[in-house]
Every structure is written in C-alpha cells, then in structure tokens.
Amino acid sequence: MRLLSALLCALCLTAAALAGGDDPQAVIYGFTSSSSREQRALETRFQSFVEADRIGAYHREYTAKPHVAGSPRDRELAEWTRDRWREFGLEDVEITEHEVLLPWPEEVTVEMTVPRTWRASMREDPIPGNEATQADVGLPYHAYSASGEVVAPVVYAGSGNPADYDWLRSRNIDITGKIALVRYSVPYSYRGFKALTAQQRGAAGILIYSDPADDGFKKGKVYPEGPWGPESHIQRGGIVFDFMVPGDPLTPGWASVPGARRIQASESVALPRIMSAPLSWKDARVILSELDGPEAPKAWQGAGLPGQGNGAYRVGDGISPVVRMRLRMDDRIRPIWTVTGKIRGASDPDSLVIVGNHRDAWIYGGVDPSSGSAAMMELARTLGALAKSGARPDRTILFASWDAEEFTLTSSTEWGEQHEKQLAANAVAYLNVDSAASGPNFGAAAVPALNRLIGEVCDVVRDPVARIPVTAAWRARTQKERGTLPTGGGGELVNNKLGSGSDYTVFLNFLGIPIADLSFDGPYGVYHSMYDNHHWVSRIGDPGFRYHAAMVQIWGLLALRLANADVLPLDYVAYTQRIQRFIKEIDGRYAKELAGALAAAGRLESSASAIAKEMDAALRSGSDREWASLNRRLMTAERALLDPDGIPGRPWYRHQIYAPKYTYAPEMLPGVAEAVTRGNGVEITAQAARLAAALNRAAESLERAR
C-alpha cells in the first residue's frame, strides 16, 4: 500500500466520500492520518472493481453439478479454483491433499412393515422447468451413520432433545430399542446432538425430518414460488460428534498427511454408534399418521396431519407402527483437496490475514456454500487486480477453499493442525464466509476484538437496496423487529457469542486466532437439499447478486484493513468488557469461586486500556519503531486464552472463553459453565482457576515489553 502515489489518493478521496458511509477525513482505527488517506483511496478503488455479474457467473459454475466432498466434480472445482486464482495473480497457489474417513452410502432404506407395507421414497421431486433439479443427486443420507439393519416400533420424540425424552419417560413411553422420529429444530439444534442423545437413551435408530412448520408451507410460499422448502425436500448432513473433536475422526488432533497414524474407528469419540437417516415431510407424515398413543405436547405440534381428527401429532404407544431401517455406508478413506493461494505482503510477508470458504456441497450448494465460494472468487480477482497494479498489501492475504466442511469441518481442521506452528506465530485473523447471501439481513459473529473494525467497515459499505450504510440498514431492521433502537453502540452489530458449525472452529478453538464469520441471510427453507441451487439464489435469495457484491466489499475491506493497518485494529478493551459480562452471567451462587477470575479480568482490562493508549500515542507520533512491538503483543493475546490441556472431556477445544455446546450453540467460559451445570464445587473452583490463569496470560501478553 505504501507504493500508492499521492496522486491516486487525491483522485479517489472525493469518490470515497460518495461511496462510503463515514467521514472521509476521519482517521481509520489502526492507521495514522496519512495512511488513513491512502487506505480510503485504496478501498474506494477496490469497491469500484467488484462486479455482481461476475459473481453470478462464478456461482453458476460452482453450482452446475453436484459436488459432494471427495467426488470427481469436487476435484474439478478445486482445479478450476486453483487455475482462476493463478490467472488473478495470486501466488503460491496449490492444492493440498489429505486422506480422511469420508463415508458414502451404498443403501439407505426406510420402510414400514406394520400396520401396513410402505417404503419411503428417499427422493426429492423435480421442479418442472428447472433442469437443475433433474440430475442424479444420489441417496440422501447422514454422514457417519452406523451401518446395519433394525426393525422396531417408532416413537415421535419432538426435536430429539434430552427434555423431550424425559417427557416420554414421564408418560411411561420407553425409547430403548425403538426408532426415534424427530424433527429438525428451529432454532437450530445440530443433528449430531440429536443422534448422540438418541444413542445415549438407548434408541436403535433415529429418523430426522423437516416439518413444514419450521421450513415449509406453514412459513410461506415454497420453492419455486417462494423461499421455503417443498414437501419432498430432504436435509442431508453429518451426524459426527465434532463437538468432541472435529476433523478426520481417525486422526484426532493431528493432520491426516501421508503416513499419519490412524486410530481404529472403535476408538473414536467422534463416531456415532447409532443408525440415522433423513426424511422429507412427504415421507415422514406417513409414519406420523400411523402413530397412536398420547397426544404430543403443544411445542411438538407441527404443520398438522390432514384427515387425522384434529390433525394433532401423537407420540406412539411403543408398539406400532413398525419400521425397518437398513443402511450400508462404505466407510472408505478418500482424498479431499484444500486450495490455498496468497497475495504476498510487501513489507511483512510472514504475517497472514486469512480469508476462507468451503467448496464442497451436499448437492449443488446454492447458498451453502457456493454463494460464499463465488464471493471469494470475486474477492480474489479484485484484490489480485489491486496487487497487479502495485497496490500490494503490507501483510500477506491468504485465500483458502476448504473441502469436506459438510462432513466434519474436515479440510480446514486438517490444514490448521498441519500448519499449527506457522499459524500460531504469524496469523493475524481468520475471516470466514460460509454462505454469503440468502437474503438482505447482515449478520456477523466474531471475537470482541474485531467489533470496532467490523462496525467501521459496515459504515463504509452500502446496503445495495436501501442505499444506506450496512450498519444503518441493520439498525433500521432491528428497530422494526424490536420496536425500539438497540442500545450499547455499534458493537451490537456483532454477535460475540461463538459456537461452532463452520470452518472458523480450528482457528479460534484450537489455534487461538481472532475470527469473524459473516453473512447476509433471509428466509431459507431449502438447506442441504437439491433445491438449494443457482435458480433459488438468482431468483429468490439474491436476484442480481447485489448482496453477494456487498459481502465481497465487506470481506475485502476487513482483509485490507487488517493487512495494511499500522497497528493491528484489535480492541481488547471491548473483549475484556464482554468477558466480564460472561463471568457475571454465571450462576450468582458461585461468586466466591469466581472471584479470582473476575480479578484477572480486571487486570486484563487495565492492560487492554494501557495498550489502547499506547496505540493512540504511537499512531499520532507516526513512529513505526513502536508498531512492531505493539502488533506482536496484540497478536499473542488471543493465543494466551488457550489452555494446552483443553476443556474437560474435550481436550481439542483449548479456548477458555469459547467452545460449542453439543448443539453447536455457544458455550461461554466452557470449563466453568460445564462445571456449574454439573454442580461440582471442587471442579468449579479448579476451572475458575484455569480461566483466571488464561486471563492473566492475556494480560501479560499485552503488557510485554512495556
């Protein structure tokens, strides 16, 4: 960036004022006054490069054919991505191959034997006139399901959560040896948690279906007239227990490189022992209609069963109907392919700002993940064009197209484990976009250190429809939904409670790297089905790919500011405030046990405030001799929040502030929170001490060399 001429700055400043939503004269967080002017000129130029039509063309290519992880088409797209990145001027572009457990189905059969004979279609109906739904999309299945055959009565168990089985038990309905029929939950609950819960309760198998009350006709018009799922749509997905350890289940905690040691499948804590299969509503309602016994609770009632009296769902009597599940998975080791490329930094090439999206899809992956893949392709093109013109970033920007995310966050985890030392030493941040756009509503989840950066960028990028900054559009929507303006400043734009379910997991939870996860979303009822395709996105989710283009701008500006900032724009004052809030949200009965952690958070707050003042002074003085020290201290603070022993029972998850619950929902201060759930006072004290130690380490990182 330092190579930009003063003439370029002058020509672009006026355009910056018109394109952005903030004051073009204001100093950007992490930049001096002079470098702020250069950066704004660069950003205006970058934003002008982004073309929605190109994104649409990339999207059409990614979604042209089914491309499940490990398939020939998946490999073709890896090579296509590699070749385009090389054309765009990215350097060190390569495909890294890992060999991992990646099971595909050989048979998935669900059939009723009592009170009548019937077989589930296990297929989605084609949409007339939409050729994208005519292809052979293979058997719908749950990855990592056990193989086998079982014939057993079916019991409807609501969303398949522990409380649901408790309710059944209170009515003397035993799930042991039965097949549990459960629905995908809204709000979302990971299907792997449903499988684990059914396994723990002694079920012989589990069937998971999509109810129209959650994502179908009860919500509104269904595809192709609207965004919601048709009656035959089937949500595929993995059921692996990656909340225990993600990545290849046979190489837990180390990379699946050639010659790597593998454990036996029977030793893996991540692999289910239960059979599981997905069903459409069209098939599931046949089974639901045969259930007798008690009426299900109100919360379990879905779209209704026409012709069944009042249409109410019943849970079954544990006798009938009887269903046969027969599943055969091939349990093969297969190759997967991670594509990486760089725009090498001009002055600090070792430091890495990483942007990533996964490429693999269950079928076409219109939203998930091809909207993100197409956006990242345009990001590579535009940033590559800047670099070719001489506007090379100061730090290296590394692009990553991950594979097998849909199975168990696989290639990002394996690649992160493989490059652990390099990333621990040099990674500045990881910026993830899984699904770029399924609607107009911006959402960001991130560590609090990135709150201010994200807010400032969203003040610059305009909502393509409302023509106001994304931040203002978000506030208007929030006010409409809540009936009041949100409080607490721009930080509310960012959700600071982080769970799992996407490729940022290895970077945050295993490596201690600041992360952000970005999206524009909207009504989306075709998740993981064959209807999630180019047609759905281009006609319903984001006509004209305008929000895709806005995502490219947000993603790119975040990467450019992290890559070019004189002092890294990481705000640990905001981080400490959130941590203090998390501690205070824990059960008040344990205030004594948490006193040490709260005191350590106070020390971290003092250290964060002190380094913030140092940052301001160093930027005002323009003395770059201080910047390198400040940047190193800022980069090590997130790493300091790791504990090498991990959290109890899940040692792979090392972050003391963040971990996923088994549902993928966020678990704040996981060691302490899980000890509180168990009510073990000794364990609470021990985990609070580990939290305090992590907070003190983070404080020491910020204080170092002062």
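Colleague: Does Ser 701 count as buried or exposed, and at what relative accessibility?

Modeller: Buried means under 20% relative accessible area, exposed over 50%, partly exposed in between (1.4 Å probe, protein chains only). Ser 701 has 4% relative accessibility, so it counts as buried. This is a predicted model: local features need pLDDT of at least 70, side-chain atom pairs count only at pLDDT 80 or more, and totals for chains, interfaces and linings use all residues. Residues are numbered from 1 along each chain as its sequence is written, and side-chain values use heavy atoms, with hydrogens and water left out.

Colleague: In which helix does Ser 701 lie? Which residues is Ser 701 in contact with?

Modeller: Helices (H or I, at least four residues) and strands (E, at least two) are DSSP runs, numbered from the N terminus. Ser 701 belongs to helix α22. Contact means heavy atoms within 4.5 Å. Setting aside neighbours within four places in sequence, Ser 701 contacts Arg 633, Thr 636, Ala 637 and Ala 640.

Colleague: What is the relative accessible area of Glu 683?

Modeller: The value for Glu 683 is 18%, so this residue is buried. Glu 683 also sits in helix α22, which covers residues 681–703. Not counting residues up to four places away in sequence, Glu 683 touches Pro 648, Ala 675 and Arg 678.

Colleague: Now α16. Which residues of helix α16 are buried? What do they pack against?

Modeller: Helix α16 spans residues 534–541, and its buried residues are His 534, Trp 536, Val 537, Ser 538 and Gly 541. They pack against α3 (52–62) and α17 (546–564).

Colleague: Which residue caps the N-terminal end of α16?

Modeller: Asn 533 does. One of its side-chain oxygens lies 3.1 Å from the backbone nitrogen of His 535.

Colleague: Zoom out. How many helices and strands does the chain have?

Modeller: The chain has 22 helices and 19 strands. Its radius of gyration is 26 Å, close to the 27 Å that the globule rule gives for 706 residues, so the chain is as compact as a globular protein of that length. The radius is taken over C-alpha atoms, and the rule is 2.2 Å times the number of residues to the power 0.38. Along its principal axes, the C-alpha trace spans about 80 × 65 × 60 Å.

Colleague: What share of the residues of the chain count as buried?

Modeller: Of the 706 residues, 63% count as buried. Among contacts between residues at least 6 apart in sequence, 81% join residues at least 24 apart.

Notes: A polar contact is a pair of N or O atoms within 3.5 Å; within protein, one must be able to donate a hydrogen and the other to accept it, and residues adjacent in sequence count only if both atoms are side-chain atoms.
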